[in-house]
Amino acid sequence: MNVFSVYRSPLRQFMFGLAGLILILAAIDIVWAHKLAEAPTIDAAGNLTSRGQIDRRHDLMWGSLFLLVGGGTVLVAIAGLVRRQPMLELDDGGVSVRLLSANEMMHIPFHRILWARSSSEDSPDASIRPRQLLIGVDDPSRYSDQLWGAEWRDGVLRIDTDGWSETAEEIAIRIGIDKARAEVREKAPGLVASAADEADEALE
């Protein structure tokens, strides 16, 4: 069985982790280093003034917040790079998308899919980078409406693909090709090989 998988972009994960690292460094500077952040005011004896005590409390509050958010961001980024999970999979049976939870995918068989396209086709400005994958299905009530990174609108599943390794346009084309293959396979098994060759040529 041939499986086509789409993951979160490694570059996006790396940049996400880098942003977290910057927050951690900012927290260190705010609370301890004071290389960029202004140090709390002290008097001639080296003790914090009244204003300095207020500044110190503010520094601890912001430093703790930056450290917590930055640390969490770095951990999430590392986990995403080390334990890569496909966001979308195409196999002989249909499309599976990680929308129900971090560990659970929603499967839509090809015979339930009416069409697939990117949100750029709904925009008159072709320069807009497609960010959503649109999938029309015959009966949306069969599927959960409690989704992560997607929503149902007018019977159409709209999936946010920003940060994925493939664009919405590329995924939509692949879904169309694999759906056509599945239909040919079901109606005339002997034609599958030639249909697959034609589909590969169209994809290229």
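To get my bearings, in what order do the elements of the protein run from the N terminus on?

Author: Happy to. Keep in mind that this is a predicted model. Starting at the N terminus, the order is β-α-α-β-β-β-β-β-β-β-α-α, which gives you four helices and eight strands. The protein has 204 residues, and 35% of them count as buried. Take the contacts between residues at least 6 apart in sequence: 57% of those join residues at least 24 apart.

Now to the rings. You'll find two aromatic pairs in the structure. One of them is Trp62 with Phe66: the ring centres are 6.2 Å apart and the planes meet at 70 degrees, so this pair is edge-to-face. Both residues belong to helix H2, and because they are four residues apart there, about one helical turn separates them. Trp62 is partly exposed, at 44% relative accessibility, and Phe66 also counts as partly exposed, at 25%. The other pair is Tyr143 with Trp152, and it is stacked, with 6.2 Å from centre to centre and 20 degrees between the planes. Here Tyr143 and Trp152 are both buried.

Arg84 places its charged end over the ring of Tyr7, 4.5 Å from the ring centre. Arg117 does likewise with Trp115, where the charged end is 4.2 Å from the centre of the ring.

While you're looking around, two backbone spots are worth a glance. Most residues other than glycine have a negative phi. His34 isn't a glycine, yet its phi is positive, at about 55 degrees. You can find His34 in the loop between helix H1 (10-33) and helix H2 (50-82), and helix H2 is the one that carries Trp62 and Phe66. With a relative accessible area of 21%, His34 is partly exposed, because buried would mean under 20%.

Asp154 is the other spot, again a residue other than glycine with a positive phi, near 55 degrees. Look for Asp154 in the loop between strand S7 (150-153) and strand S8 (156-160). Asp154 is exposed, with a relative accessible area of 78%, whereas Trp152 is buried.

Notes: Residues numbered from 1 in each chain as written. Predicted model: local features only at pLDDT ≥ 70, side-chain atom pairs only at ≥ 80, totals over all residues. Heavy atoms only, no water. Helix = DSSP H or I, 4+ residues; strand = E, 2+ residues; numbered from the N terminus. Buried < 20%, exposed > 50% of the residue type's maximum accessible area, 1.4 Å probe, protein only. Contact = heavy atoms within 4.5 Å. Phe/Tyr/Trp six-rings, centres within 6.5 Å; stacked < 30°, edge-to-face > 60°. Lys NZ or Arg CZ within 6 Å of the ring centre and 35° of its normal.
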